[in-house]
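Biologist: I have a model open and want to go through the fold with you. Can you take my questions as they come?

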Amino acid sequence: MQTQNTDTHFTGIVYKKMLGHYDVQHNNKITNCSLSAKLWKDFSTTELSDNPGRRVTHVSEKHMDPIAIGDYVQFIKTDDGSGMIMDLFPRKNYIARSSAKPMPGAHTFEQVIAANIDQVIPVFAAADPEPKWHMLDRYLVAAESYGIPSRIVITKFDLVQGTPAEGKLKTWIALYQSIGYPVIVTSSKTSQGLDHLRQTLADQHSVLVGKSGVGKTSLLNALEPGFGLRVQTVNQSTGKGRHTTSHLEMFPLQGGGALIDTPGVREFGVYGLESMDIAVFFPEIAPVLGQCKFGLSCQHDEEPGCAVRQGVMDGRISPYRYQSYLRLKDDL
Ligand SMILES: Nc1nc2c(ncn2[C@@H]2O[C@H](COP(=O)(O)OP(=O)(O)O)[C@@H](O)[C@H]2O)c(=O)[nH]1
Ligand SMILES: [Mg+2]
Ligand SMILES: [Zn+2]
């Protein structure tokens, strides 16, 4: 990220936004900033170009709020100690969700959740609740579509350790590893995997996705005392409102880097993708696309001479992942 500081202009990262105010971090200090009228006008009157990180070209909605968590901005300091954002640096990527049409005839608006993300961390429990692997595939496809790497975290491993469920879980882990997704196995109870997770999060901007109950708060508390509670308090007080994304917050980690927690798939979805695009976002399916008899028009469903189905029969593609593909395609 190219940044510049001068005597009057500073570069910072947006950690929090609320009702038109932005907490911008620069040199480990937070400045509360508003948006210059010019920047606001520029962004509300021009359509932004397509998402640079996303490998689809048809997303072209307008943005309601030009600044997102994780954005690099240039700001000036005002006399009262606050600041004013003058410019937004180009994003390397962003994730967004669609929001309802604000008025009849309007396009669906795209709400940016966060920008400049280094990794997505899907979190699933080894048990209680049972892991939903189709849901994991949804997260993975969404992350792939934005061009952001995923690192999977399994929590509560102590619950299955030494039981028959342990062997089953290891088979799943091996599957995802064979596709190329790193898997970190953790337990907040036994501290298993915490060092590994700490290393993975250090100096990265990570987005955590996973349903409540999987042990996110416990895990973050185990990483840094009190950290999970801080994240949870903010999410509970603001996460249920109509304007969830206007209150999103990024939390700095002691070891460098920062973390954004999102409540679930609604916030981190696959909206905007075309069913024809989906297969590309399965890394183990992508290489055989184009070898189907019907070429790129093959939906990999009932068509004869489908290389994807052949891959499933040969054991090179997991039937479960193939099923995830079919489900996702049907959902779009
Ligand atoms: N056995 C076990 N239980 C855990 C672990 N982590 C969390 N839990 C339990 O799972 C439940 C949900 O945990 P919580 O951290 O609140 O989940 P969150 O909703 O994802 O934030 C609580 O009852 C925790 O005590 C773990 O590593 N092992
Ligand atoms: Mg929680
Ligand atoms: Zn096919």
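Predicted model: local features only at pLDDT ≥ 70, side-chain atom pairs only at ≥ 80, totals over all residues.

Biologist: How many helices and strands does the protein have?

Modeller: There are nine helices and 13 strands. Helices (H or I, at least four residues) and strands (E, at least two) are DSSP runs, numbered from the N terminus.

Biologist: And what percentage of the residues is buried?

Modeller: Of the 332 residues, 36% are buried. Buried is 20 or more other C-beta atoms within 10 Å of the residue's own, exposed is 12 or fewer, and partly exposed is in between, with C-beta atoms placed from the backbone.

Biologist: Which strands make the barrel?

Modeller: The order in the closed barrel is 1-2-3-5-4, five strands with mixed pairing. On average, neighbouring strands there are turned by 55 degrees against each other, direction ignored. Strand 1 (residues 9–18) pairs antiparallel with strand 4 (residues 72–77) over five bridges, and H9 stands opposite I76 of strand 4. Pairing requires at least two DSSP bridges between the strands.

Biologist: What about the open sheet, what is its strand order?

Modeller: Its six strands run 10-9-8-11-13-12, again with mixed pairing. Strand 10 (183–185) and strand 12 (250–252) are the edges, each pairing on one side only. Neighbouring strands in this sheet are turned by 25 degrees on average, direction ignored. Inside the sheet, strand 8 and strand 11 run parallel, joined by four bridges, and Q119 is opposite S206 in strand 11.

Biologist: Which strands does helix 2 lie across?

Modeller: Helix 2 lies across strand 8, strand 9 and strand 11, at about 180 degrees to strand 8. Axes are lines fitted to C-alpha atoms, for helices over the stretch in contact, and angles run from 0 to 180 degrees between N-to-C directions. Contact here is C-beta atoms, placed from the backbone, within 7 Å.

Biologist: Why call helix 2 largely enclosed?

Modeller: Because ten of its 13 residues are buried. Among them are L136, Y139, L140 and V141, along with D137, R138 and E144. The cover over the buried residues includes strand 8 (119–125), strand 9 (152–155), strand 11 (205–209), helix 7 (275–278) and helix 9 (319–331).

Biologist: What comes after helix 2?

Modeller: G147 follows helix 2, with a positive phi near 70 degrees.

Biologist: Switching to D261, is that residue buried or exposed?

Modeller: D261 is buried, because 25 other C-beta atoms lie within 10 Å. D261 belongs to strand 13 (residues 258–262). F251 is ten residues from D261 in sequence and 8.7 Å away in space, C-alpha to C-alpha.

Biologist: Last one, what surrounds ligand 1?

Modeller: A shell of 14 residues, with S188, G215, K216, T217 and S218 the closest. A residue counts if its C-beta atom, placed from the backbone, lies within 6 Å of the molecule. Helix 5 (residues 216–223) contributes the most, three residues.

Biologist: How many of the shell residues are polar?

Modeller: Eight are polar, four charged and two nonpolar. Nonpolar covers Ala, Val, Leu, Ile, Met, Phe, Trp, Tyr, Cys and Pro, charged covers Asp, Glu, Lys and Arg, and the others, Gly among them, are polar.

Key
Residues numbered from 1 in each chain as written. Chains lettered and ligands numbered in written order. Contact = placed C-beta atoms within 7 Å.
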